[in-house]
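Dear colleague,

Please find below the structure that I am handing over to you, together with its sequence. My findings follow after it.

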Amino acid sequence: MNISVFASGTGSNFLAILKARKEGIIKSNISLLITNNSSCGAVNIAREYGIEVIHISRKVYPQLTEKEYANVFLNVLSKHSIDLIVLAGYMKMVEPEVVRTFKNRIINIHPALLPMFGGKGMYGINVHKAVIKAGVKVTGITIHCVNENYDEGKILFQKCIEVDEADDEYSLQKRVLELEHKYYPYVISLIEEGKIKLET
Ligand code: GRF
């Protein structure tokens, strides 16, 4: 398979995926990074690993219609024969036309146990703040298929950890992120082997 990662931020999950590729845990080519933020950490990581970076943002293409803008993504993805899109801290909604074209071929990771603590505004530290505020005893990660609504596609994998009395949102974020780095590459390898099916 050819994989394109979409990222906007630090890129620690992207790095975990690249390391897993290097170690042979992931077999697919990590063909390219698409980002809406050309100065984010993920871009530096891509450069370090010699991965092509494509910057696609509304700021670059303000004049395009929705359809034309979606076509910018689709043309790049088609040119690189991308089979699977892996969202790793991508802060934008994927264009609906791209979601339709890549139906059951886009995955995302969320730092909580969906369907709780998901949806609009639930990203980054906000998620962990909400978890602490709710007083739940477990949290974790969810890896899921992407459809046109935030955090609502088929759940592929979850892993949980206990929330300790002493946890605050930052300690929780750190522990959840460690889970993400361990299991996102693993789940990609299971998809490659056909042990996790993306189809509904
Ligand atoms: C992760 O917590 C991930 O679950 C969420 O965005 C964050 C990205 O972190 N979707 P990083 O950029 O991979 O460090």
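A polar contact is taken here as a pair of N or O atoms within 3.5 Å. Please note that the model is a predicted one.

A polar backbone atom of glycine 11 lies 2.8 Å from an oxygen atom of the ligand. At isoleucine 109, a backbone N or O atom is 2.9 Å from a nitrogen atom of the ligand. The protein buries 82% of the 370 Å² that the ligand exposes when taken alone.

The shell around the ligand is made up of Gly9, Thr10, Gly11, Ser12, Asn13, Gly89, Ile109, His110, Pro111, Leu177 and Glu180. By class, these residues divide into 7 polar, 3 nonpolar and 1 charged. Two or more residues of the shell come from each of H1, E5 and H6.

As to the location of the ligand, it sits in the largest pocket. This pocket holds about 930 Å³ of space. Its lining comprises 37 residues, of which Gly89, Tyr90, Met91, Tyr123 and Gly124 are the closest to the centre. Helix H1 (12–22), strand E5 (106–110), strand E6 (138–145) and helix H6 (169–192) each give two or more residues to the lining. The lining divides into 17 polar, 15 nonpolar and 5 charged residues.

The peptide bond that joins leucine 114 to proline 115 is cis, and its omega is near 10 degrees. Proline 115 belongs to the loop between E5 and helix H5 (125–134). The other point concerns serine 81, a residue other than glycine with a positive phi, near 50 degrees. Serine 81 is located in the loop that runs between helix H3 (66–79) and strand E4 (84–87).

With kind regards

How values were computed: Residues are numbered from 1 along each chain as its sequence is written. This is a predicted model: local features need pLDDT of at least 70, side-chain atom pairs count only at pLDDT 80 or more; totals for chains, interfaces and linings use all residues. Side-chain values use heavy atoms; hydrogens and water are left out. On a 1 Å grid over the protein atoms alone, a cavity is a set of points where a 1.4 Å probe fits but cannot get out, and a pocket is an open set with protein on both sides within 12 Å along at least five of seven lines; lining residues have an atom within 4 Å of a point. Grid points are joined across faces, edges and corners, and a volume is the space filled by probe spheres set on the points. Helices (H or I, at least four residues) and strands (E, at least two) are DSSP runs, numbered from the N terminus. Ala, Val, Leu, Ile, Met, Phe, Trp, Tyr, Cys and Pro count as nonpolar, Asp, Glu, Lys and Arg as charged, and the others, Gly among them, as polar. A residue is near a molecule or strand if one of its heavy atoms lies within 4 Å of it. A polar contact is a pair of N or O atoms within 3.5 Å; within protein, one must be able to donate a hydrogen and the other to accept it, and residues adjacent in sequence count only if both atoms are side-chain atoms. Accessible areas come from the Shrake-Rupley method with a 1.4 Å probe; for residues, only the protein chains shown count as cover. A molecule sits in a cavity or pocket if more than half of its atoms lie within 2 Å of its grid points.
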